[in-house]
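Here is a briefing on a two-chain model. Look over the sequence and the structure first, then read on by topic.

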Amino acid sequence: MPLITIPTTARLPSSLRIDAQNPAVSKILSRLSRASLLTLALDWLDEDNQSLAAPFLLPDDHDEDDYDDDAFPPAPSLDALRQLYTDLQARKGSKRDVLDRFLEGDWRHGLTLYQLAMADLQYLHDHPLSQKWAAYRITPLSPRDPSDDTTDPPVVDKTSLVIPRFHPSTFLSALQARVLPDVKAHYNFDRHRTLPLLLLRIFILDSPYNTTTTTTFFGARTVYLAFPDASPHVFVSRPQSLGGAAGAGAESKSLHALLLDGVPKALSRPRQRFALRSTKLVTRNLEELIARKGGAQRTGAAAGGWGVYADEKVRESPLETVLPTPPLSEDGGDSGGRKREGPTSGEERAVKRARLVARARFGGSARVGDGKGSRREAEGDGDDGGTSTDKWRPYVRLTFHGTHVFAGIRQLVEHGIIDGERMPGWMTGEEGVTVGAVRDGRIRGFRGSGV
Amino acid sequence: MASTPLDDEIERLQARADALKSLLRIQTSTILAAPPTRALLTTSTAKTRQNEALLARADAQLAHNQQSLYRACASLTTFRARDPDPNAVDAGAILGVRVEVVSRAKFLRPYYVLLNRPYGGSGSRSRHLRVHRHTVPPCIPLAGLAARYLAPPPSNGGQEEGKQDLAKFARALRRELVRYHHRLGVVADLRKAAGLGGKKATGDGEEGGGEDGEGGDGRLVDISAADAEAKQISIQWADGRTGRLVMGDDGEIVKVVAVGDHGRDREAVRQLFGDAKTVGEVARRLAEP
């Protein structure tokens with residue numbers, strides 16, 4: 001126990017140990033499966049992680065029978081412990097045993113915040129759909145003339161050619177120092193294992209909105225920020241309380257607003273300011289977000305049927321002399337191998353046509369198994385409080401629910417239930433939004449592609 | 001799967017058949033595009049169905065050849081397309097701009113910007129264009145360029161007439177794209193010159209074996225683009241020194257800094273860069289010895 005405590009605005013160190021008996025610790029760990037727990041343990045026992053995740057080993061100056069009564073006697077060395085967990089992986093057993101081994105055995109002296117962050121990230125990898133992400137675009141603000149001392153809010157500089165640059169450690173120190181100084185939080189950066197993303201986990205122990213719970217962590221909240229590589233976007237998840245339920249309530253909302261306010265400020269530099277702009281894309285699926293907003297991909301603003309322009313697999317060199325086949329023709333250039341079937345019935349032709357139309361409208365996107373499922377909420381809004389329209393236009397609110405809404409619509413088109421040729425464009429998902437107001441068959445406020 | 005000699009032979013024959021087929025396609029296109037073929041087809045008196053089909057094919061081939069010629073020489077070409085959305089503005093008319101980018105002596109897949117005219121409503125007949133869809137990567141400031149050169153028309157008889165300049169827009173966009181690819185190319189050149197192999201570090205074996213000539217810790221272990229635009233390059237030495245190089249739009253060196261254990265390491269910078277003005281020169285210097 002430190003004798004002197006001093007107030008500080010610094011962020012919590014990764015090496016800070018949380019008591020193993022703390023309910024928060026077991027809550028975070030018990031969400032994981034047994035296999036994940038064992039992988040995690042082996043990660044912690046890695047040589048590189050020893051400064052932050054060291055286990056409780058047999059002390060050098062122990063007596064013979066010090067630990068005889070223990071259910072999980074401490075291991076003599078790191079290697080022995082590693083061997084033990086590797087063996088456990090091969091064996092069957094209950095999750096409870098592993099958990100007890102963690103909390104009462106090898107990490108009885110407590111788990112560091114870093115370990116908890118790793119456990120949470122493991123959960124995110126195990127359950128990729130557990131968070132609800134909203135995508136924001138980072139837009140530059142016009143620089144303000146220093147001599148000009150008006151207090152107008154800065155305006156978005158549409159003609160700016162600046163691409164925001166993201167530097168993790170600078171971002172973090174700016175975020176802590178200027179934006180969230182009165183929030184006690186632990187930050188942890190980690191690369192996503194499969195996607196080109198940098199994940200920042202913010203574990204908020206204590207905020208101005210909630211100061212009573214520091215010791216029990218009851219009100220602690222976790223927020224993730226994800227920075228896609230080479231793309232001026234940031235994905236923000238909803239703050240979640242330790243119980244796992246997405247925070248509703250005023251506190252969670254205030255935190256969310258605080259973050260949205262703080263992130264652009266932390267990204268900004270002198271004479272180069274940024275703001276966040278919502279892209280109206282909210283989904284649980286990170287993979288879909290990357291496909292739509294990630295960097296180094298051409299499909300971002302050319303989704304759905306427009307994918308023919310973005311498909312990297314198509315070779316389209318001007319030095320190619322062979323006449324290209326149209327993208328939707330059935331034969332890939334040589335029709336020799338295909339047997340021409342006789343005159344097909346009208347029904348068959350309709351089915352084939354429906355399938356072709358689906359391919360034309362959706363391109364290669366929105367397939368059932370592509371793992372890019374998204375929930376879609378589209379809002380149809382007829383009445384614009386209009387002065388010029390005398391047609392009666394009802395206000396219709398429409399929500400599609402499902403694990404992969406666009407794949408569902410595609411299937412309906414393929415089976416001829418929706419007429420693919422008369423289907424409005426926003427139903428293909430090519431606009432890249434999940435919420436919007438539709439007028440005249442187009443999603444409003446999104447006439448271009450939000451470039 | 002056990003592969004018997006028969007399977008191997010079938011595979012070989014199939015590959016050969018594919019090769020021959022593609023050869024046949026190339027020969028067909030060459031013969032169709034040749035002027036004598038055309039003369040023969042047009043002068044031929046017999047108006048058979050086959051003849052007409054051939055003529056149509058020859059016309060298509062000629063059109064394709066001409067398009068390819070324009071694309072190869074002009075690097076900025078336009079085309080028309082149609083929006084499949086039945087509710088699309090302006091009856092779905094789309095003007096496409098195709099930007100060719102050449103990198104490492106190869107034509108890359110062109111970048112497309114598809115424009116429409118959404119402002120024509122309410123009888124104003126505005127001819128102003130707007131970016132509808134595009135395949136430009138996010139590290140190119142397309143939005144900024146569009147706001148500069150393809151400004152929307154002033155709403156309700158505003159101040160000055162918003163002038164649009166598609167040619168300037170396309171030129172500026174092409175310049176950004178080409179610069180971007182050149183910068184990527186120069187980073188790849190640097191890597192190659194420093195003996196860092198392909199895209200990713202290929203493992204310890206090569207690093208340890210290939211470079212021991214250069215006195216241990218002084219060698220470079222990593223050079224990579226550090227940001228989306230490939231304007232910053234991060235450099236890492238084997239002994240833990242790190243460096244950052246800021247590249248200008250056209251590959252000139254704007255700033256270099258290297259930091260070692262004892263603060264800034266100016267000596268390392270001098271050694272590596274000498275009096276080079278551009279990153280390309282550095283790559284050449286590195287490749288020399």
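Two strands count as paired if DSSP finds at least two bridges between them. Helices (H or I, at least four residues) and strands (E, at least two) are DSSP runs, numbered from the N terminus. The model is predicted: local features need pLDDT of at least 70, side-chain atom pairs count only at pLDDT 80 or more, and totals for chains, interfaces and linings use all residues. Residues are numbered from 1 along each chain as its sequence is written, chains are lettered from A and ligands numbered from 1 in the order in which they are written, and side-chain values use heavy atoms, with hydrogens and water left out.

**Strand S6 of chain A**

- Buried means under 20% relative accessible area, exposed over 50%, and partly exposed in between (1.4 Å probe, protein chains only).
- In a regular strand, side chains alternate between the two faces of the sheet.
- Arg221(A), Val223(A), Leu225(A) and Phe227(A) point one way from S6(A). Thr222(A), Tyr224(A), Ala226(A) and Pro228(A) point the other way.
- S6(A) pairs with strand S8 (residues 240–241) of chain A in the antiparallel sense, over 2 bridges. There, Thr222(A) stands opposite Gln240(A).
- S6(A) also pairs with strand S7 (residues 233–237) of chain A, again antiparallel and over 2 bridges. Here Leu225(A) faces Val236(A) as its opposite residue.
- S6(A) and S7(A) make a hairpin with 4 residues between them. In the turn, Ala230(A) has a positive phi of about 55°.

**A buried glutamine in chain A**

- Gln115(A) sits in helix H6 (residues 113–126) of chain A.
- Its relative accessible area is 0%, so Gln115(A) is buried.
- Which residues does Gln115(A) touch, not counting those up to four places away in sequence? They are Trp44(A), Leu52(A), Ala53(A), Trp107(A) and Gly110(A). Contact means heavy atoms within 4.5 Å.

**Helix H1 of chain B**

- H1(B) has 29 residues (5–33) and should span 42 Å at 1.5 Å a residue; its end C-alpha atoms are 42 Å apart, which agrees.
- The expected span is 1.5 Å times one less than the number of residues.
- Ser29(B), Leu32(B) and Ala33(B) are buried in H1(B).
- The buried residues of H1(B) pack against helix H2 (35–43) and helix H3 (49–74) of chain B.

**Where the chains meet**

- The contact takes 54 residues from chain B and 50 residues from chain A.
- About 4,600 Å² is buried between the chains, with carbon and sulfur atoms giving 56%. Buried area is the accessible area (1.4 Å probe) that two parts lose on being put together, summed over both.
- In chain B, Arg109(B), Arg133(B) and Pro138(B) lose the most area to chain A, together 18% of what that side buries.
- The count of salt bridges between the chains is 0. A salt bridge is a side-chain nitrogen of Lys or Arg within 4 Å of a carboxyl oxygen of Asp or Glu.
- H3(B) gives the most to the side of chain B that touches chain A, with 8 residues.

**An open sheet in chain B**

- The open sheet has 5 strands in the order S7-S8-S9-S10-S11 (chain B), with antiparallel pairing.
- Its edge strands are S7 (220–225) and S11 (263–264) of chain B, and each pairs on one side only.
- Strand S10 (residues 253–260) of chain B joins S11(B) through 2 bridges. Gly260(B) has Gly263(B) as its bridge partner.
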